[in-house]
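Please go through the cavity, the pockets and the ligand site of this structure, in questions and answers.

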Amino acid sequence: MSQKSVLITGSSRGIGAATARLFARHGYSVCINYRNNREAAENIAEEVKAAGVDCIAVQADVSQEADVLRLFESFDKEMGALNVLINNAGILLPQSRLSGITAERLNKLLVTNVTSCFLCSREAVRRMSTKEGGLGGSIVNVSSIAATLGAPNEYTDYAATKGAMDTFTRGLALEVAGEGIRVNAVRPGIIETSIHADGGEPGRPARLAPLIPMQRSGQPEEVAEAIYWLASERSSYVTGTFIDITGGR
Ligand code: NAP
């Protein structure tokens, strides 16, 4: 039986890595993508292969169109047909109020969090669309509950990129609903990964845990479960929608 396949952007660490492990356990062949951290990506690839499925790890900065094209070409050559795309790669920059937000900072967030999502989705739709001779498929975007909360005093720019991702999720879902492709998103709350150190506060999950109704931050594996459900046939009548994974926040 041929394996189904998934391409997960930004899967050398955090939520992407947990998602790669989970898809492998469900028998998917996995394309891991990373920007810098080759060692972490290769370690995840070894774990994925140990589950008995095919795996490649491809370096590509998904904010750059040429890198996205190269990533998908590597996928075509080594993995075959694409069934699932997870747009997970994303960054935070150090906490700032509006007064500290420059055009350079904003543009870096926009290309990494939003442009990447458009470009990777475009390449996936070209391959999956039944109008183009594809077999259909599923796209899951990793947004953030910040899109609805706004992240004042810390990350309004990041939150706005996730708002753009949500709007795109809805628009693309409706655009390709008749072409065998479902498009959905997860909106995690505070999940324990190294992204908080990049935002300048590694201890942020512990600081905010008392404000979360469930009184704790989340784990990457808890997000991966929702991503898997949205990507798989288990959610076959679900498109253009969102799952919030926030402990009630
Ligand atoms: P993380 O632990 O910092 O991991 C980020 C991953 O993205 C790494 O694999 C990194 O690769 C990759 N990456 C970053 N920029 C990239 C680029 N330009 N091209 C390719 N790969 C790139 O982050 P995380 O917390 O797992 O976050 C994953 C997603 O969840 C993000 O979209 C984030 O916004 C979202 N999210 C996270 C939380 C949270 O609390 N953690 C909450 C809501 C939403 P390298 O290892 O090579 O750097």
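**Cavity, pockets and ligand**

The largest cavity has a volume of about 30 Å³. This is a predicted model, in which local features need pLDDT of at least 70, side-chain atom pairs count only at pLDDT 80 or more, and totals for chains, interfaces and linings use all residues. Residues are numbered from 1 along each chain as its sequence is written, and side-chain values use heavy atoms, with hydrogens and water left out.

Q: Which helix gives the most to the lining of the largest cavity?
A: A cavity is a set of points, on a 1 Å grid over the protein atoms alone, where a 1.4 Å probe fits but cannot get out, and its lining residues have an atom within 4 Å of a point. The lining includes Asn113, Ser116, Cys117 and Cys120, together with residues such as Thr9 and Met165. With four residues, the element that gives the most to this lining is helix H4 (residues 103–128; helices are DSSP runs of H or I, at least four residues).

Q: What volume does the largest pocket have?
A: A pocket is an open set of grid points with protein on both sides within 12 Å along at least five of seven lines. Its volume is the space filled by probe spheres set on the points, which are joined across faces, edges and corners. For the largest pocket, that space is about 920 Å³.

Q: Which residues lie closest to the centre of the largest pocket?
A: The lining of this pocket divides by class into 20 nonpolar, 18 polar and nine charged residues. Of the 47 residues that line the pocket, the closest to its centre are Gly90, Ile91, Tyr158, Thr193 and Ile195.

Q: Where does the ligand sit?
A: A molecule sits in a pocket if more than half of its atoms lie within 2 Å of the grid points of that pocket. By this criterion, the ligand sits in the largest pocket.

Q: What share of the ligand's exposed area does the protein bury?
A: Among the polar contacts (pairs of N or O atoms within 3.5 Å), a polar side-chain atom of serine 12 lies 2.6 Å from a ligand oxygen, and a backbone N or O atom of arginine 35 lies 3.0 Å from an oxygen atom of the ligand. Taken alone, the ligand exposes 910 Å² (Shrake-Rupley method, 1.4 Å probe), and of that area the protein buries 98%.

Q: Which strands each supply at least two residues of the lining of the second largest pocket?
A: The second largest pocket has a volume of about 250 Å³. Among its 19 lining residues, Gly137, Ser138, Gly180, Arg182 and Glu233 lie nearest its centre. The strands (DSSP runs of E, at least two residues) that each supply at least two lining residues are S5 (137–142) and S6 (181–188).

Terms used. Polar contact = N/O pair within 3.5 Å; in protein donor to acceptor, adjacent residues only side chain to side chain. Nonpolar A, V, L, I, M, F, W, Y, C, P; charged D, E, K, R; others polar.
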